[in-house]
Amino acid sequence: MIDLHTHSTASDGTDTPAELVRAAAGAGLRVVAITDHDTTGGWDAAVAALPAGLTLVRGAELSCVSHAVPGRVRTTLHLLAYLFDPFHPTFVAERRSLRESRLERGQQIVERMEADGLPVDWPAVRELAGDGTVGRPHIARALVRAGVVGSVDEAFGRLLHPSSPYYVPKADLEVLTAVRLVRSAGGVPVFAHPLARRRGRVVLPEVIAEMADAGLAGLEADHPDQDPADRAEVRALAQSLGLFVTGSSDYHGSNKIVRLGQEGTAQESYERIVAEATGLEPVVG
Ligand code: AMP
Ligand code: ZN
Ligand code: FE
Ligand code: FE
């Protein structure tokens with residue numbers, strides 16, 4: 001089993017990077033990728049704890065926005081980046097600025113909630129995030145802890161969805177710039193959950209075609225937030241654009257109900273990622 005999309009406490013997962021790789025081995029995975037939001041902060045701890053028999057792909061999931069052109073609405077999307085050079089200066093600076101934007105925006109969401117009388121505060125959210133990249137799941141957990149909602153999922157559905165009055169967008173990275181940046185850092189860009197409609201608006205097929213022209217390598221087809229029809233559509237798009245497809249759990253520990261290895265990637269697609277990467281190689285445990 002190959003699972004190429006997971007989160008640790010370096011962003012909004014609940015397993016530390018060490019716990020994550022141990023859990024991956026325990027779940028019977030052969031290859032796991034660590035793909036925290038906008039950071040490589042979990043990489044070293046994951047490598048240090050890598051169990052024998054498990055291969056680690058170092059990656060990240062980048063917060064992007066599709067460029068606003070007349071007639072097209074602003075749409076946020078996630079780009080997975082695998083095996084890139086973590087020291088590429090422009091990329092380092094972009095990840096930092098994405099994390100800073102998350103801090104500002106998280107605080108603004110919390111302020112809107114406080115102004116409305118909800119019992120949450122920014123220090124509590126920061127504490128839940130620790131050293132990790134702050135995200136809405138941390139706000140969701142603070143709301144669960146305060147008894148406002150019963151679960152993280154309920155917090156997203158009722159209070160943190162893009163259509164909620166408390167929602168504030170982040171200053172995300174323009175997606176074509178992101179695709180080119182990942183390639184210039186020797187990495188391999190894969191569009192995460194391109195048709196996950198329950199999260200909000202998804203991009204048009206022409207945006208995916210533009211991403212392919214900019215250097216996109218693959219599309220994530222098998223993802224818990226994509227139903228069988230979405231997955232079929234993603235596969236058809238990938239085929240027409242000459243991209244490979246991946247499958248992954250998008251594991252977040254107890255922040256989500258998905259299991260490690262719930263979805264998997266074919267060996268062939270994994271080999272293409274490794275072959276196309278010039279930034280790093282997988283770490284064999
Ligand atoms: P943010 O990065 O702050 O915009 O928060 C988005 C993250 O929240 C996504 O990466 C998802 O992993 C997570 N997320 C979105 N919807 C849900 C949900 N219903 N339950 C749990 N986590 C979610
Ligand atoms: Zn996440
Ligand atoms: Fe995502
Ligand atoms: Fe993710």
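Predicted model: local features only at pLDDT ≥ 70, side-chain atom pairs only at ≥ 80, totals over all residues.
## The iron site

Let's start with the metal. Four residues coordinate the iron ion (ligand 4): His-5 and His-7 through NE2, Glu-61 through OE and Asp-250 through OD, at 2.1 to 2.3 Å. Read along the chain, these donors follow the spacing H-x1-H-x53-E-x188-D. Two of them link distant parts of the chain, since Glu-61 sits in strand β3 (residues 55-66) and Asp-250 in the loop between β8 (244-247) and α10 (267-276), 189 residues apart. Glu-61 and Asp-250 are both buried.

What arrangement do the 4 donor atoms make around the iron ion (ligand 4)? It is irregular, because the angles they subtend run from 75 to 163 degrees, whereas a tetrahedral label would need all angles between 85 and 135 degrees.

## Salt bridges across the chain

Side chains of opposite charge can pair when their charged atoms come close. Across the whole structure, a search finds 13 salt bridges. One of them joins Arg-198 and Asp-153, at 3.5 Å from N to O. Arg-198 counts as exposed because its relative accessibility is 53%, and Asp-153 counts as exposed at 54%.

Another salt bridge is formed by Arg-235 and Asp-222, whose closest N and O atoms are 2.6 Å apart. Arg-235 is in helix α9 (residues 228-241) and Asp-222 in strand β7 (residues 218-222), so this pair ties together parts that are 13 residues apart in sequence. Are the two partners buried or partly exposed? Arg-235 is partly exposed, with a relative accessible area of 36%, while Asp-222 is buried, with 17%.

Helix α10 holds both Glu-276 and Arg-272, which are 4 residues apart, about one turn of the helix. Their side chains meet in a salt bridge at 3.8 Å, N to O. Glu-276 is partly exposed, with a relative accessible area of 28%, and Arg-272 counts as partly exposed at 35%. Elsewhere, salt bridges with shared partners join Asp-222, Arg-231, Arg-235 and Glu-263 into one network.

## Thr-40 in its loop

Thr-40 is found in the loop between β2 (31-37) and α2 (43-48). Which residues does Thr-40 contact, leaving aside neighbours within four places in sequence? They are Phe-84, Pro-86 and Arg-95. As for Val-21, 19 residues from Thr-40 along the chain, the C-alpha atoms of the two are separated by 15 Å.

## The largest pocket

Rolling a probe the size of a water molecule over the atoms shows where empty space is left. The largest pocket holds about 1200 Å³ of space. Its lining is made up of 49 residues, and Arg-136, Phe-156, Arg-199, Asp-225 and Lys-256 lie nearest the centre.

Several elements each supply at least two residues of this lining: β3, β4 (75-82), α3 (89-115), α5 (136-145) and α6. Which of them gives the most? That is α6, with 5 residues.

Terms used
Residues numbered from 1 in each chain as written. Chains lettered and ligands numbered in written order. Heavy atoms only, no water. Donors = N, O, S within 2.8 Å, 3.2 Å for Na, K, Ca; no water. Tetrahedral: all angles 85-135°; square planar, octahedral: opposite > 155°, others 65-115°. Buried < 20%, exposed > 50% of the residue type's maximum accessible area, 1.4 Å probe, protein only. Salt bridge = Lys/Arg side-chain N within 4 Å of Asp/Glu carboxyl O. Contact = heavy atoms within 4.5 Å. 1 Å grid on protein atoms, 1.4 Å probe; cavity = no way out; pocket = protein on both sides within 12 Å on 5 of 7 lines; lining within 4 Å. Points joined across faces, edges and corners; volume = space filled by probe spheres on them.
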